[in-house]
Every structure is written in C-alpha cells, then in structure tokens.
Amino acid sequence: MPARTPVGPIALWRSQSGRAAASADRCPHRGMRLSHGFVRGEALSCIYHGWSYARAGNCLRIPAHPGLAPPETIRVPTHEVEECDGVIWVAVGEATAQPPRLQGVVPLRSLTAHAAVAAIEAAAGAKAGVDGFAWQPQSKLQIRLLLVPQGAEETLIHVLLDDDSSLSQRIAASRAVETLRRTAEDLETKATAP
Amino acid sequence: MTHDAMIDEWYPVGLFSQLDTNARKTALMGRPIEVAVEAEGHARVTSGDGRSLPVCVRYGHVWSSLGKPQKDLFAIPEADQPGRTLVDVGVIRVRCSPLRAVENFLDIAHFPFVHTDILGAEPHTEVQDYKVEVRQDADEVWATQVKFYQPQAAKSASGGITTEYMYRVPAPTCCVLYKTCPPRPGEWDVITLFVQPLAEDLCDVWPWMALFDDATPMTDLIHFQQTIFLQDRSILENQIPRLLPLDPGMEIPTRADLTSVAYRRWLKRHNYTYGAQLVAQ
Amino acid sequence: MKLYDYVLSPSCYKVRLMAALTGVKLEIRAVDFHPGAEHRGPELMALNPAGSIPILEDGDLILTESAAMLTYLAAKAGPEWLGSGAPEETARLQQWLSFAHRLTASLGGARLHEMLLRPGDIGTLQAQGIAALRELEAGLVEQGLRGMRFLASDRPTVADIACFPYVALAPDGGVPLDPYPAIRLWSRAIRSLDNFIEMPGIHRLHELKREHVEPGEV
C-alpha cells in the first residue's frame with residue numbers, strides 16, 4: 001500500500017512470510033508507482049512490466065528478459081521498517097533510536113484528515129508527543145492517537161485503544177474519531193477561510 | 001523553454017462524424033480552441049482569440065494546428081484500401097503527458113501484466129529482439145519484426161497466436177500500429193493512437209482503426225479497443241514524473257525498450273519537447 | 001438472459017460480475033454508449049425510457065435498475081448472495097444496496113467527467129465521492145471489529161457487488177483510494193473470490209498466480 005513520508009511517497013508491503021518492507025514508490029524502469037504492484041513470495045513486483053524487487057531493493061527479475069540476471073545497479077531505494085506493538089514504523093534516513101513502545105494498547109484503525117496536526121490537537125484539546133497523545137472523548141473510553149503530517153494540509157491519524165476494550169467500546173472509539181476529524185476539518189476550514 | 005517545433009504539427013481535435021455547428025470547446029497545447037462542422041460540411045477550428053486555424057479532415061478526425069504546418073498530414077495508405085472497416089473509437093481523456101501515452105502504445109512488454117489474457121499472459125513474457133530504425137526519407141521512427149505471444153490478439157481471434165507487429169511514429173503524438181490480421185494472412189490490421197495535447201500533462205486520446213473484419217459488429221470492435229486503452233489509463237495516470245523524461249539517467253531501458261529509446265532520441269533531436277522533462281528534477 | 005452492456009460502465013460490470021460469481025451465462029448485447037450514444041436511440045429507449053444502461057431482459061421481464069438485476073441473479077442462481085435473512089444482516093444489506101446509488105452519483109459522475117468528458121461540477125462530485133468513501137470505510141472498520149470481512153456479513157452479498165465497481169474505479173475520476181485501508185482490504189477480498197472477473201481499470205490480482213521458475217533455477 002502507498003504511504004507518505006517526509007522524504008517522499010513509499011510503497012509499504014508485507015511479504016508472504018509476513019515481513020514488512022518499504023521502498024520508494026517508483027519503479028526505476030518507467031516510473032510507475034510500485035504501490036500499485038503485487039507481492040509474490042518475498043518480492044514486490046511492478047504492475048506495469050512485472051519487474052520484481054527484493055526487500056533490500058535489488059531487482060530480482062525482468063520478465064521481458066527471463067534469461068537475464070538483472071544487474072546490481074538496478075535498485076529501488078528502501079527504508080528501514082520496524083513493527084512494534086502492532087504499529088509499523090518507517091525510518092527516514094538512518095534510524096538513531098528504536099520506535100517508542102506503546103504497551104497495553106491495540107491498533108484500531110488509521111484515517112486521513114484534511115487538516116494540519118495543530119487543528120487536530122485543537123479539536124482534541126491535547127498536544128502530541130513522540131508517542132502521540134491520550135484522548136478521552138467520553139468516560140470509559142481511553143484512546144491514544146498518533147499523528148503523522150502528510151504534507152502541510154493533511155494528517156494521518158493512527159487510533160489505538162486499551163487492549164481490554166470491549167467490542168462496543170471499539171466501535172464507539174471509531175465513531176468518536178470520525179467526529180474528531182469532522183471538528184478538526186471545520187477548524188481548519190475556518191482558519192484558512194479568507 | 002521553446003516548444004516551437006511541436007507548434008507546427010497537426011493534431012486531432014474531434015471526430016468528424018460527431019461534430020455539428022455547435023462548437024466543441026476544447027484546447028490545444030494550453031490554448032482554448034473551438035471545433036465545428038458547418039452546415040455545408042466544412043470543418044472549422046478557431047482559436048480563443050478568434051483566429052481561424054489550419055484544418056484538415058482525415059482518418060475520421062478533424063486535425064488542426066496552432067502554428068503553420070510545413071507538410072500535409074502523414075499518409076496511411078491502408079486507410080483507403082477497399083474492404084477495410086474504419087472504426088472511430090472515440091475520445092478518452094488521460095491525466096498524463098501526450099508523449100507518455102504514445103510511448104506506452106509502443107511498448108509490448110507490459111501486455112502480460114496490464115492486458116492479461118488478452119494481449120499477453122504469463123509465462124509468455126519474453127520480448128524477442130526486433131529491429132528499430134529512423135527512416136530518413138520520411139523522418140519516422142519504425143520498429144519491425146516485433147513478435148509476441150497473445151492469448152486473444154484481436155476481437156476476431158480465437159485462441160492464442162504469436163502476433164507480429166510493426167510500429168510507426170509519423171508525428172510526435174501519433175502512432176500507427178500494423179498487426180497480424182487473423183482473417184486475412186498477408187495483410188496488416190491498422191490500429192492508431194492519435195493524441196491531442198491539451199496541456200503538457202493532460203491529453204485527449206483518439207484511437208482509430210482500419211481493419212479487415214466483416215464478422216465482428218462495429219460496437220464490439222469499439223469496445224475491444226476501449227477495453228485495451230482503459231487498461232492502460234490507470235498506468236499512465238500513475239507514472240512519476242508525469243512528463244516524459246528525456247534525460248537518459250532518469251529511467252532504465254532494456255533491449256525490450258529499444259523503440260522507446262529511439263522515440264525519445266528522435267523527440268529530443270527535433271526539439272519535440274511539449275510534455276517532456278529535459279533535466280531530471 | 002440478455003444484458004444490454006457497455007464494457008466501460010461500472011453498473012453494467014456489476015451485472016456481469018454477479019453473473020460470473022453465480023455461474024449464470026449472459027447473452028451480451030454491446031451498446032455503443034460512447035461515442036455513439038446508442039442508449040438514447042429508439043431501440044434502447046423502447047426498452048428503457050429512462051435512457052440508461054444496463055438493461056437486463058429475461059423473457060417478459062425487463063429490469064433497468066442494477067440493484068434489481070443483482071437481486072434477480074442471486075435469487076435465481078445463488079441465494080446465499082442475498083444473506084441469511086437475519087434481521088440485522090438484512091438491514092445492513094439493504095442499507096448498502098441503497099447507499100450504492102450515492103457512489104454512482106458521485107464517483108460515477110466524476111469518472112464520466114474526467115474520462116469521457118461528460119458535463120458536471122467536478123469539485124462537488126469528487127467531494128461527495130470522498131464523503132461516501134469515508135462512510136464506507138467506517139462501515140467496513142466496524143464490520144471488521146465484529147469479525148466480518150464484508151458489508152453485511154462475513155460472506156459477500158449483493159450489497160458488496162453493488163458498491164464494489166464505483167469504489168474500485170474511483171481513481172478514474174481523480175479520487176484516490178490511498179487513504180482507505182479497510183476499503184483496500186475489502187476490495188482485495190472481492191477480487192480474490194472464485195470466478196471473479198475484471199473490467200478495464202481494475203487489474204488482475206497477479207499475486208494469485210504462482211511465481212514461475214526463477215532465473216538460474218532448473
């Protein structure tokens with residue numbers, strides 16, 4: 001699937017053996033977005049011509065030339081990926097530290113808001129740190145939000161909640177975050193209105 | 001950057017059969033234009049500032065130019081051959097460079113992945129060597145002896161065959177494909193891609209065909225070609241950068257891409273750069 | 001059964017897909033919708049005065065609404081596609097079956113505008129499409145929490161087939177699907193179904209095909 005990072009769009013994929021990987025979202029052959037591609041075994045293939053790439057970014061196969069071992073120079077840039085407490089973290093550049101631990105919570109969903117981080121913080125009445133922030137929209141509902149800016153105008157919101165939450169609490173949390181997004185987008189619209 | 005070289009080319013701007021006195025409002029290379037066919041049957045193309053633009057009607061389409069075309073529209077002799085069915089496929093808009101649209105049309109290696117079980121299928125992915133040249137007399141890019149295994153090469157084909165192709169680029173945004181003709185061995189079906197550049201990253205594509213096929217209803221022929229082109233559309237709208245890179249370092253060609261390499265060099269040599277990116281960004 | 005069909009129409013594709021999934025053989029009558037506008041001609045208008053396609057003809061029965069066609073095909077050849085009959089499931093199925101009209105009006109309108117140059121206010125169509133996709137995403141998240149992969153239950157129903165085509169083709173109208181992980185998973189689940197067929201703009205799931213011999217392998 002596609003994802004956006006400060007160093008550009010990436011293709012995030014999980015190999016058949018279950019390992020997450022991230023590469024630049026562009027096949028060096030003809031510029032096609034690799035996030036439109038397909039995963040077979042431990043390789044990500046481009047939908048356009050089927051060129052396939054290993055987790056490390058080296059090209060494994062060029063279907064138009066089945067007898068040819070692709071030269072080492074054909075590579076797609078990759079990023080370091082860590083999967084931790086149900087959250088996938090991608091390092092931009094060299095990772096200097098492990099991702100923060102998020103114990104006792106489980107991931108619920110991710111959604112994109114057409115609003116900057118500040119508008120979401122304002123809507124929730126909280127300030128985000130590296131491990132996001134806790135938000136309690138109603139009693140008995142403890143939600144943790146991780147905010148990732150997607151350019152200046154959009155924010156990706158990862159929603160986590162206590163791992164002993166009931167089904168009805170989970171559904172309530174999902175709906176509460178929809179409301180939070182609506183509030184934040186209204187704030188954003190008002191703030192940017194001429 | 002100058003785009004003078006492409007200003008003087010002919011471009012398709014409408015289907016003659018679909019036009020009437022109500023002007024079709026469209027654009028050519030970033031400028032608004034209007035295309036109409038007058039009551040007495042003459043096509044008329046006007047620019048936004050009221051200027052009458054050059055016009056010709058050929059291959060089912062009205063053609064025009066913002067500049068002064070130095071020569072007539074390229075010839076497709078097969079278009080006048082008796083017995084052919086001429087197919088107006090209709091317009092499809094694509095958010096991509098007009099040059100990317102042509103380059104994709106010149107490519108066969110994507111068939112198994114994008115036109116799966118129609119124009120190609122795994123494991124038949126190999127592209128055998130073929131010949132590419134720029135024909136100096138006509139100044140056209142040609143690829144010949146292009147062969148590929150196809151599960152359903154045409155609407156009239158039943159079962160897989162190895163199809164032979166010839167590609168011809170007679171103008172920067174036009175391509176003519178000659179293809180094995182299942183009902184009539186020895187003749188070639190003609191399938192064209194005429195591209196109207198609306199902007200550097202937006203185009204209206206007008207596929208057109210001249211086929212030997214009496215058996216297939218016209219609508220099925222139209223649907224077959226629309227199917228093929230719509231399978232390409234989602235690729236074309238997701239290539240990065242949107243402009244065609246003419247800097248050789250930007251993308252990696254292989255032997256299968258020799259037609260594309262020749263096409264890019266030919267564009268660069270003629271300064272046909274509307275829709276191209278000259279320097280990597 | 002005869003389907004008056006346009007190969008690029010998502011509504012026609014719904015019917016072709018449902019027929020494929022339930023094993024019904026359709027007689028296809030291709031309609032020159034674009035560029036010929038044959039659906040507005042006398043022959044087709046006599047069948048459907050609304051001037052829309054698809055039209056499904058089976059003896060005396062003429063259907064002009066795709067939801068009815070899906071229901072008819074399911075009732076005839078695959079009753080499991082109509083759900084179990086449990087009240088909540090039936091309600092969800094009807095909810096999403098009706099909701100599909102909003103996808104047609106918004107995402108379908110945007111696609112016709114961006115691809116075949118039909119008139120429309122593209123900004124409004126796209127905004128309405130995004131609103132509809134967000135509702136669908138939220139609905140699928142909740143179904144996932146209930147342990148169900150599809151819109152009405154844990155198996156696909158006519159509601160999924162009614163919503164799938166316009167959603168999968170949203171990018172044709174300039175509305176990306178990147179922000180909707182639940183929709184992406186649901187779309188993959190539908191594309192993985194036995195006897196699934198594609199339409200132009202919806203690519204084959206190549207991951208379902210096994211890898212061939214690697215270079216260097218014997």
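Me: Which side chain meets that of C:Asp178 in a salt bridge?
Reply: That of A:Arg33, with 2.9 Å from N to O. A salt bridge here is a side-chain nitrogen of Lys or Arg within 4 Å of a carboxyl oxygen of Asp or Glu.

Me: Where do these numbers come from?
Reply: This is a predicted model, where local features need pLDDT of at least 70 and side-chain atom pairs count only at pLDDT 80 or more, while totals for chains, interfaces and linings use all residues. Residues are numbered from 1 along each chain as its sequence is written, chains are lettered from A and ligands numbered from 1 in the order in which they are written, and side-chain values use heavy atoms, with hydrogens and water left out.

Me: How many salt bridges are there between chain A and chain C?
Reply: The rule finds three across that interface. There are also five residue pairs in polar contact, both residues at pLDDT 80 or more. A polar contact is a pair of N or O atoms within 3.5 Å; within protein, one must be able to donate a hydrogen and the other to accept it, and residues adjacent in sequence count only if both atoms are side-chain atoms.

Me: Which element gives the most to chain A's side of it?
Reply: α2(A), with eight residues. Helices (H or I, at least four residues) and strands (E, at least two) are DSSP runs, numbered from the N terminus.

Me: How many residues touch, and what area is buried?
Reply: Chain A puts in 26 residues and chain C 20, with contact meaning heavy atoms within 4.5 Å. The buried area is about 2,100 Å², 53% of it from carbon and sulfur atoms. Buried area is the accessible area (1.4 Å probe) that two parts lose on being put together, summed over both.

Me: And what about chain B with chain A?
Reply: There, 28 residues of chain B are in contact with 23 of chain A. About 2,200 Å² is buried, and carbon and sulfur atoms give 54% of that. The interface has six salt bridges; one of these joins B:Glu251 to A:Arg26 at 3.4 Å, N to O. The polar contacts come to 19 residue pairs, both residues at pLDDT 80 or more.

Me: Which helix of chain B gives the most to that side?
Reply: α2(B), with three residues.

Me: Is α2(B) mostly covered or exposed?
Reply: Mostly covered: in this helix, residues 98-105, eight of eight residues are buried. Buried means under 20% relative accessible area, exposed over 50%, partly exposed in between (1.4 Å probe, protein chains only). B:Ser97 caps the N-terminal end, with a side-chain oxygen 3.0 Å from the backbone nitrogen of B:Leu99.

Me: New topic. What does C:Glu114 touch?
Reply: Leaving out residues up to four places away in sequence, C:Glu114 touches B:Arg93, B:Arg95, B:Arg233, C:Ile122, C:Asp172 and C:Gly173. C:Glu114 lies in helix α4 of chain C, residues 87-116, and counts as buried at 13% relative accessibility.
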